[in-house]
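This report describes the architecture of a protein chain and the surroundings of selected parts of it. The sequence and the structure are shown first.

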Amino acid sequence: MSNKTYTIDSVSLQSDPNMSDLCFYPGSHTAAYESETGQAIHDFLTSRLGVAVLMGAVIAAPSRPPVIATEPFVAKLIGDAAFTDEMKKYTGRVVRQIIEHLGGQFVRRGVKVTVISRYGSGSIYTFGGKLALEVAT
């Protein structure tokens, strides 16, 4: 069995092209958004890897909060500062705006997390079977 680990490279951390026209609105999370930690969270979640992780999580497990799938990456890239109560709420807002920007719909909040996680609950989303895919040429 191999001990190979996933390497997060500079290409995977580039801004996802689908996020180029995202107008993020931090609302009551402005202080978190403007912080160094908040910017790092936003940058990861809107990266090629972040968007792929979120989309994959919604598609593969629509009854589970997709924010959980981002947790190991955020922990590795940002550390414990990303998991304060304020930052977890802010992260949830970023996740929602990204998924809705990609055509997903909010389903329900407060869904209990049933795996070991720093999150106790989260929101769930769906693409409603109408995920429009376009292949860039």
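In this predicted model, Ser 12 touches Tyr 6, Ser 47, Arg 48 and Leu 49, leaving aside residues up to four places away in sequence. Ser 12 lies in the segment before α1. Its relative accessibility is 9%, so Ser 12 counts as buried, the cut-off being under 20%.

**Overall architecture**

The protein contains five helices and two strands, arranged along the sequence in the pattern α-α-α-α-α-β-β. The radius of gyration is 15 Å, close to the 14 Å that the globule rule gives for 137 residues, and the protein is therefore as compact as a globular protein of that length. Taken along the principal axes, the box filled by the C-alpha atoms is roughly 40 × 40 × 30 Å. Of the contacts with a separation of 6 or more, 71% are between residues 24 or more positions apart.

In α2, the buried residues are Thr 37, Gly 38, Ile 41, His 42, Phe 44 and Leu 45. Viewed down the axis of α2, these buried residues fall within an arc of 165 degrees, so they line one face of the helix. An α-helix has 3.6 residues a turn, so residues three or four places apart point the same way. The cover over the buried residues of α2 includes α1, α3, α4 and α5.

Helix α5 comprises the 17 residues 85–101; at 1.5 Å a residue it should span 24 Å, and the distance of 25 Å between its end C-alpha atoms agrees with this. Buried in α5 are Met 87, Tyr 90, Thr 91, Val 94, Val 95, Gln 97, Ile 98 and Ile 99. Both helical and strand elements contribute to their cover, including α1, α2, α3, α4 and β2. The residue ranges of these covering elements are tabulated below.

| Element covering buried residues of α5 | Residue range |
|---|---|
| α1 | residues 30–34 |
| α2 | residues 36–45 |
| α3 | residues 48–60 |
| α4 | residues 67–77 |
| β2 | residues 121–126 |

After α5 comes Gly 103, which has a positive phi, near 100 degrees.

Note on methods
Residues are numbered from 1 along each chain as its sequence is written. This is a predicted model: local features need pLDDT of at least 70, side-chain atom pairs count only at pLDDT 80 or more; totals for chains, interfaces and linings use all residues. Side-chain values use heavy atoms; hydrogens and water are left out. Helices (H or I, at least four residues) and strands (E, at least two) are DSSP runs, numbered from the N terminus. The expected span of a helix is 1.5 Å times one less than its number of residues. Buried means under 20% relative accessible area, exposed over 50%, partly exposed in between (1.4 Å probe, protein chains only). Contact means heavy atoms within 4.5 Å. The arc is that of the directions from the helix axis to the C-beta atoms. The radius of gyration is taken over C-alpha atoms; the globule rule is 2.2 Å times the number of residues to the power 0.38.
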